Amino acid sequence: MKKSLIIFSIIAVFLLVAIILQATKPYVPHPVADLKLKYSKKHVPSVDHSKLAALQVKFSTPQQVTEACNSCHTERHKEVMKSSHWNWSREEYIPGRGIRTIGKKNVLNNFCIGTQSNEQSCAKCHIGFGMANPDFSYDDPSYVDCMACHDNSGKYKKATEQGGAPDPSVNLNEIAQHVGQPLRSNCGTCHFYGGGGNNVKHGDLEMSMFDPTKDVDVHMASDGVDLQCTACHVTKNHVMAGKVYSLSSMNRNRSTCEQCHTDRPHTNDVINQHTVKVACQTCHIPVYAKVNATKMSWDWSTAGRLRNGEPYNEEDADGNHAYMSIKGSFVWQKNVEPEYAWFNGTANHYLLGDKVDTNEVIRINSFNGSYEDRDSKIIPVKIHRARQIYDPVTKMLIQPKLFAPEKGDGAFWKDFNWNTAAAAGMKEAHLPYSGQYTFVNTEMYWPINHMVSKKEKSVECTECHTRDNGRLAALKGFYMPGRDYNAGVELFGKVLIVLSLLGVIGHAAVRFAAHKKRK
Amino acid sequence: MKKQLVYKRFNRFWHWTQSALIFFLGLTGFEIHGSLTFFGFENAVHYHNNAAIGFIVLIVFAIFWHFTTGEWKQYLPTAANLREQIAYYLDGIFRNAPHPTQKTALSKLNPLQRLVYLGLKILVIPVMVMSGLLYMYYRYPQSYGIESIRIFDLGTVAVLHTIGAFALVSFVIVHLYLITTGHTITSNLKAMVTGYEELEDEKH
């Protein structure tokens, strides 16, 4: 009996050790080195466009360049003309609202508010020429601007306030002979400057990413894998994967980290389990706006102050605009810690003409999702907060006319009169304006997906799993170890421990005293 | 008085392994809970989960041992001598009165010990193991989980686990003190280390 027990306990110890070793045996994820190898191979073009006869002919208008492109790439313009880059709208299913055609045409933002009535200025970032021309048509392929996205010389630029036409200084032949797959310099020319200046809108997309270091973005780093935008925003027939939820509503054709890294990329499986509810970006983008500040808030209500009848600008300590007569007051921030939200890949939008109450902050866009939702994950977001113009009678956010080449058209940036700007803007949008306006608080959510940090810089466990002021402190409705506890149970536990200690100490003291007395 | 083998080899192995594991689980567990910082959160989670598996293996062997040796009968509650035992701790112990319950190899536990250990075995430890397993293998609502145990709130599981942990801390405090209440201050401790204890001859 005794012998068998000894053997038994020895087996037990061995089993214990074996199981613990088994449990600690690391899971080996797909190596990142393979990805590095795959994406380090540079694309070698099969055609040298500088040798093509069609591109030697002297171009005098940009439309001629497009025609030359189409003479070989005979069907590509049709793909382009189906894209939202061209149409500034696309069909989206919005949960609860059905199928709607939405885009820059009819979705507002809380930066420069909207494009309607301002096309001549906004179209600097349209992949076409002459959007504001009276004879412009979305069906006319000669207006397609191939160069905006395919110039590899880095010398193409569009003119300011000319409806999307190239700058007159551009040598069209040189551009046409140096085309290729889009580079960061192509995408960045528009996407880094959205909202009227560098890093105004996104926070995680800005001009430092033309040539970023590994500290700014591990994927795009010029001294690293040097990924171009299209490495992740994989494009087929001019349809790009991944889009931003300022204008999108649907969970479709997204570009995700998991597509390369899988949903079990870590050696530690407890961390892999997080991917069910936590997006990669949440831990791997600890801060955004790492190099240059991004606009965090915009107060339109202060716009229109003039000095000696002239508009003026003021700068903050870092040289960013703190006030502009044409736009109002701004707050900029650098190295911003994101806020966090549940997101299932679908979003809702304020669409031009929607009636909303001002009891709560008006959401320009809102992300659907919750802890209970199977498809939801926690994502990092930049929330841009603004005060913008609103009609208290019609209960609509106002699309003001901001831009006009000259005074007298009602444009705010020339005439500095909100009433005429609101009237002109809403008229062009074919919406009513009561003649009364006020300013209301709005919020717009921008998912943070870029500026992924080195793994060593990832968010630490205890930045979220902590009692107070953790990164996820604002996300309620679920239990997170390290953060959450039941206050009653905590009190019960503390009282129990204190009583046990007091009981033990008291008993020991009386025993000791009695013992002494007996002596 | 006669030296007797009270705690057999497996009994001692089980007791000391369990005590080490409970101490370690408490330390790592309260770090995960946010009450203290020692190993670092990630390590604490890792150690806690592995120690828990070790603990469960130990429990399986202990259950086997208890049933094959009949030791489980030691924990059968009894009302006999219960009042006297309480009176001893509240009064007799200060007067150096004799222990009311005689300790023998076949009946190691006094009626109070029987009650407390039985409570641990059938209530606290099972609650800790079950809530711990759910905590560990819980995969968030509806995701890769076992649909029949759809837990919508980790909170209930975690709070139960926390209550058990507090109960165990309290138990350990009192248990450590009661070591000193044997025939001499150290006789209980020596017995659990060596297995042997001087016991009075059994009365017949």
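Reader: How many salt bridges does the structure hold over all chains?

Author: The count is 26 salt bridges over all chains. Keep in mind that this is a predicted model.

Reader: What makes A:Arg76 and A:Glu79 a salt bridge?

Author: Set the value against the cut-off. A salt bridge needs a side-chain nitrogen of Lys or Arg within 4 Å of a carboxyl oxygen of Asp or Glu. In this pair the closest N and O atoms are 3.0 Å apart, so the pair passes the test of being within 4 Å.

Reader: And where do A:Arg76 and A:Glu79 lie?

Author: Both sit in helix H4 of chain A, which covers residues 76-81. They are three residues apart, about one turn of the helix.

Reader: How do you know that chain B and chain A are in contact?

Author: Contact means heavy atoms within 4.5 Å, and 54 residues of chain B are in contact with 50 residues of chain A. Between them the two chains bury about 4,700 Å², with 71% of it on carbon and sulfur atoms. In chain B, the residues that lose the most area to chain A are B:Phe94, B:Phe166 and B:Tyr177, together 15% of what that side buries.

Reader: Which helix of chain B gives the most to the side that touches chain A?

Author: That would be H2(B), with 14 residues. Helix H1 (9-32), helix H2 (41-69) and helix H5 (154-178) of chain B each supply at least two residues of that side. By class, the side of chain B that touches chain A has 31 nonpolar, 17 polar and six charged residues.

Reader: Why are H17(A) and H5(B) called roughly parallel?

Author: Helix H17 of chain A (residues 487-518) packs against H5(B) at an angle of about 5 degrees, their axes 9 Å apart. Angles under 35 degrees count as roughly parallel, so H17(A) is roughly parallel to H5(B). Their contact has 15 nonpolar, five polar and three charged residues.

Reader: What does the secondary structure of chain B come to?

Author: Chain B has six helices and two strands. From the N terminus on, the order is β-α-α-α-α-α-α-β. The C-alpha atoms of chain B fill a box of roughly 65 × 35 × 30 Å along the principal axes.

Technical notes
Residues are numbered from 1 along each chain as its sequence is written. Chains are lettered from A and ligands numbered from 1 in the order in which they are written. This is a predicted model: local features need pLDDT of at least 70, side-chain atom pairs count only at pLDDT 80 or more; totals for chains, interfaces and linings use all residues. Side-chain values use heavy atoms; hydrogens and water are left out. Buried area is the accessible area (1.4 Å probe) that two parts lose on being put together, summed over both. Helices (H or I, at least four residues) and strands (E, at least two) are DSSP runs, numbered from the N terminus. Ala, Val, Leu, Ile, Met, Phe, Trp, Tyr, Cys and Pro count as nonpolar, Asp, Glu, Lys and Arg as charged, and the others, Gly among them, as polar. Axes are lines fitted to C-alpha atoms, for helices over the stretch in contact, and angles run from 0 to 180 degrees between N-to-C directions. Angles under 35 degrees count as roughly parallel, over 145 as roughly antiparallel, 65 to 115 as roughly perpendicular and the rest as oblique.
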